[in-house]
Amino acid sequence: DYQLTVLDKIEDIRSGDKGLGKSILGVAPPGAGKSRIMIEMCKREVERGGRPLVKVHRKMLLEQMVKVFEGAGIRVGVISPDYVPDYDAPVLIGSSQTLFSRAVRTSKIDFPEATLIVNDEAHQQTSMTERALAFGALNEGFIQSGYLARGVDMVGFTATPLMEQRVYSHLVQIVQYSKLR
């Protein structure tokens, strides 16, 4: 199954040199099972004692991701204005804008503890907001380290890999469209 094979490829990259977090982009056409891969990746991270944070950039995607994870029997804590956050949940799902606003711009919360960042629709997550969450930001004269600077790996998934070269340093092709037919 190509989905499990790609998970192994991503794990190989993640297990390399420690220090700064790895940034990996998984590319696959629509219908290739990127959500299933994300769920399995998060399950594995939790089984190792880690805590994944899944980031999305739209309310519709957040609601969809919550349903997909809960449908797979995974308890999630949601970080969004429409939800009461459960920071003790094994998997966090958050809106990038809310995370930036609460953790960087207003410092209402610390960066939520995470051992793996998973970006859904990664091609949409290349803004300064995303870069601040990944690499860090200057806030009231203090430098806040982003997740990558803290050694947290980041894996993004997309069907359209545009502009990600500034954020992701590794590319993993999940499956070609012609193989899905």
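1. A quick definition to start: two residues are in contact, or touch, when they have heavy atoms within 4.5 Å of each other. Keep that in mind for Ser-80, which touches Leu-62, Thr-98 and Arg-102, not counting residues up to four places away in sequence. Ser-80 is found in the loop between strand E3 (76–79) and strand E4 (91–95). Helices (H or I, at least four residues) and strands (E, at least two) are DSSP runs, numbered from the N terminus.

2. Before going on, note that this is a predicted model: local features need pLDDT of at least 70, side-chain atom pairs count only at pLDDT 80 or more, and totals for chains, interfaces and linings use all residues. Residues are numbered from 1 along each chain as its sequence is written, and side-chain values use heavy atoms, with hydrogens and water left out.

3. Now the overall picture. The protein has six helices and nine strands. Of its 181 residues, 51% count as buried. Here buried means under 20% relative accessible area, exposed means over 50%, and partly exposed is in between (1.4 Å probe, protein chains only). If you take the contacts with a separation of 6 or more, residues 24 or more positions apart account for 72% of them.

4. Glu-11 has 17% relative accessibility, so Glu-11 counts as buried. Which residues does Glu-11 touch, not counting those up to four places away in sequence? They are Arg-44 and Arg-48. With Arg-48 there is also a side-chain to side-chain polar contact, at 3.3 Å. A polar contact is a pair of N or O atoms within 3.5 Å; within protein, one must be able to donate a hydrogen and the other to accept it, and residues adjacent in sequence count only if both atoms are side-chain atoms.

5. Tyr-2 is in helix H1 too. At 27% relative accessibility, Tyr-2 counts as partly exposed.

6. Axes are lines fitted to C-alpha atoms, for helices over the stretch in contact, and angles run from 0 to 180 degrees between N-to-C directions. The contact is made by Ser-35, Met-38, Ile-39 and Cys-42 of H2 and Met-65, Val-68 and Phe-69 of H3.

7. Finally, compare helix H4 (residues 96–105) and H5, whose axes come within 10 Å and cross at roughly 60 degrees. Which residues meet there? Ser-96, Leu-99, Phe-100 and Val-104 in H4 meet Thr-129, Glu-130, Ala-132 and Leu-133 in H5. In H5 (residues 128–135), the buried residues include Glu-130, Ala-132 and Leu-133. After H5 comes Gly-136, with a positive phi near 125 degrees.
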